[in-house]
Amino acid sequence: MPENSSITGVAVDRVEDGSIAQEVGIEPGDRLLSIDRRVVEDALDFRYLSSQVDRELTLSVAKKSGELWDIEIEKEEDEDLGLELEPIQTRICKNNCIFCFVHQLPRGKQVRRTLRVKDEDFRLSFLFGHYLTLTNLSERDFQRIFEQRLSPLYVSVHATEPGLRQYLLQNRKPDDLMGNIRRLIDGGIRVHTQIVLMPGINDGAHLERSIRDLLAFHPRVMTLSIVPVGLTDHRQGLPRLTPVDADYARKTIAHVSAIQERIRESHGTPFCFLGDEFFIMASQAIPPRSHYGDFPLVENGVGMVRTFLDEFHREMENPRESPTTPIRGTIATGRIFHPILADCVDRMNGALGTDLRCELVENRYFGGGITVAGLLTGSDIFAGLSGRVHGDFVVIPSESMTGDDGLFLDDWVRADLQERLGVPVRGGGFHVNEFFGAVLQAADRGIPASAVSSGP
């Protein structure tokens, strides 16, 4: 068939060996246009449309040569076609929220490109739990969400009062947040919501109203997470915001706890949940497991510490012989998690005879107001540990890295850190059993540093 210059579709990145796609001649670089004459817009669309067909389907494919192929395929139910499509092209957020982290990035410094992307994409919300404001949804988007049952979605609220929300998002006119949420839940979509709490702006009576308004949609609006605003040292030209401190954290816990008790009595759930940072800043105990239900918000920093502590307790109860080879090493983490992890490391030393030291690493790259381990950079860790490495290895937060090479937000990689510190550097993993493994494998002195997993 002749070439078609108007072809769009979705690019094929990889074809699995021995798959149906390979058998019918699909190759990397081809473009998938449609399934049974329904246009494929992205990888999520492909997943949905291909799952709707039990045995026979027709793929329209634009070959790299420019030819257009219609390919009839027979497949078993749930059989995978073996296609990996290009990543979703992220929709960019057009809001200018007064607390937006992207606007607070350091100028003139190397920052991972993806960190500068302000995403506002319902597809990423469904797939990865990214929060979106709902301000860019078209009628077509709503229909796709309903048809494909993209549930749950994660919605950034920050305030339900139209004027206040308009100020926070810095929009020219108020958006219909509550109307959009009602439309989603009427269409069968469940929703998790979030408020980034800013002292003196959306707290107090404003917070109470937001909780009350969202609770009216329960159980379709399943939860509300309340997390403290994160402020870097690079807010030039942005509105002045007050950072959350220990006193504010204590007052917030007292305020929200009273609200949670009333909601628990009426609805059987606290509904609104505070981020772990509030409790650590206030030097208060993390709530018990029963407080968090099934931990739906752990990726948003709600219940993450409780999950870690419970997993740590289980690991410590597992029968385990003390290492026969001395294990001496350094465990690095950010300011907010340091008191928790340091206490756990001390317990490991006492129970297992290890000689580990937990070191606090300050965030110099973004500033002291950023305290979470996941935003530490390679240069932060080097500056924090230079001349202070204890023992034979260093374990760092896996959350601070991405990819097989261990890429940090400042474009350092784990090998850079390892070379400069002069000892093996390992990721601590994403679960406590992986953390124990990263530490206890040090007894195997025969393992070269390059063979030690760094974590994702």
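The buried residues of helix H14 pack against helix H10 (304–317), strand E12, helix H11 (338–352) and strands E13, E14 and E15, where contact means heavy atoms within 4.5 Å. This is a predicted model, in which local features need pLDDT of at least 70 and side-chain atom pairs count only at pLDDT 80 or more, while totals for chains, interfaces and linings use all residues. Residues are numbered from 1 along each chain as its sequence is written, and side-chain values use heavy atoms, with hydrogens and water left out. Helices (H or I, at least four residues) and strands (E, at least two) are DSSP runs, numbered from the N terminus.

In H14 (residues 432–440), the residues Val432, Phe435, Phe436, Ala438 and Val439 are buried, a word that stands for under 20% relative accessible area, with exposed over 50% and partly exposed in between (1.4 Å probe, protein chains only). Seen down the axis of H14, its buried residues fall within an arc of 160°, so they line one face of the helix; the arc is that of the directions from the helix axis to the C-beta atoms.

The strands E13, E12, E14 and E15 form, in that order, an open sheet of four strands with parallel pairing, and two strands pair if DSSP finds at least two bridges between them. Strand E13 (355–360) and strand E15 (425–427) stand at the edges with a single partner strand each, so one side of each is left without a neighbour in the sheet. Strand E12 (residues 328–333) runs parallel to E13 and is joined to E13 by six bridges, and Arg328 stands opposite Asp355 in E13.

The structure holds 10 aromatic pairs. Rings of Phe, Tyr and Trp (its six-membered ring) pair if their centres lie within 6.5 Å, and planes under 30 degrees apart count as stacked, over 60 as edge-to-face and the rest as tilted.

Phe142 and Phe146 both lie in helix H4 (residues 139–148), four residues apart, about one turn of the helix. Phe142 is buried, with a relative accessible area of 4%, and Phe146 also counts as buried, at 15% relative accessibility. Ring pairs link Phe435 and Phe436 with Phe308, Phe312 and Phe337 into a cluster.
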